[in-house]
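Good morning, and thank you for the time. Please have the sequence and the structure in view.

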Amino acid sequence: MRITGMTLCYLLLALPAMPQTGTGVVQGTVSDPTRSAIPGAKVTLTSQATNITRRAESSAVGLYYFSSVPPGRYTLLVEATGF
């Protein structure tokens with residue numbers, strides 16, 4: 001029984017660790033006060049620490065998505081015609 005336990009322990013230690021990327025996502029929906037989606041809205045995400053800006057456009061159902069976003073404080077600006 002002891003040999004089996006040690007073998008299991010070695011096998012578990014041999015498994016590669018899951019990498020941690022240290023990033024996240026920012027996503028949401030652009031909608032008006034009646035909750036109707038606003039497609040084609042310009043969405044700008046700006047890091048307050050580095051002033052790096054990323055841009056996206058909301059989809060036909062108002063969705064926007066930013067991937068691989070480093071941790072930090074951000075400003076999100078949404079612009080759409082008529083708003």
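This is a predicted model: local features need pLDDT of at least 70, side-chain atom pairs count only at pLDDT 80 or more; totals for chains, interfaces and linings use all residues.

Let me begin with a question: in what order do the strands of the open sheet run, and with what pairing? The order is β3-β2-β5, and the pairing in this sheet of 3 strands is antiparallel. From one strand to the next, the twist averages 15°.

Let me place that sheet within the chain. The secondary structure consists of 1 helix and 5 strands. Read from the N terminus, the elements follow the pattern α-β-β-β-β-β. Of the contacts with a separation of 6 or more, 57% link residues 24 or more positions apart.

As for the surface, the accessible area of the chain is about 6,700 Å², and carbon and sulfur atoms account for 61% of that area. Of the 83 residues, 19% count as buried.

I turn now to the interior. Nonpolar side chains in soluble globular proteins tend to be buried together. In this chain, the largest nonpolar core has 10 residues, namely V30, I38, A41, V43, L45, A56, Y64, F66, V69 and A80. The largest share, 3 residues, is supplied by β4.

The antiparallel pairing of β2 with β3 extends over 5 bridges, and V43 stands opposite A56 in β3. Then there is A80, which is in contact with I38 and A41 once its neighbours within four places in sequence are left aside.

S58 lies in the loop between β3, residues 53-57, and β4. Is S58 buried or exposed? S58 counts as buried, because its relative accessibility is 4%, which is under the 20% cut-off. Which residues surround S58? Setting aside residues up to four places away in sequence, S58 touches V30, I38, P39, G40, A41 and L63. Among these, V30, I38 and A41 are also members of the nonpolar core. The side chain of S58 also has a polar atom 2.8 Å from the backbone nitrogen of A41.

Finally, the loops on either side of β2. Most residues other than glycine have a negative phi. R35, which is not a glycine, has a positive phi of about 70°, and R35 is found in the loop between β1, residues 24-29, and β2. N51, also a residue other than glycine, has a positive phi near 65°, and N51 lies in the loop between β2 and β3.

I would be glad to take questions.

Conventions:
Residues are numbered from 1 along each chain as its sequence is written. Side-chain values use heavy atoms; hydrogens and water are left out. Helices (H or I, at least four residues) and strands (E, at least two) are DSSP runs, numbered from the N terminus. Buried means under 20% relative accessible area, exposed over 50%, partly exposed in between (1.4 Å probe, protein chains only). Contact means heavy atoms within 4.5 Å. Accessible areas come from the Shrake-Rupley method with a 1.4 Å probe; for residues, only the protein chains shown count as cover. A nonpolar core is a set of buried Ala, Val, Leu, Ile, Met, Phe, Trp, Tyr and Cys residues joined through side-chain atoms within 4.5 Å. A polar contact is a pair of N or O atoms within 3.5 Å; within protein, one must be able to donate a hydrogen and the other to accept it, and residues adjacent in sequence count only if both atoms are side-chain atoms. Two strands pair if DSSP finds at least two bridges between them. Axes are lines fitted to C-alpha atoms, for helices over the stretch in contact, and angles run from 0 to 180 degrees between N-to-C directions.
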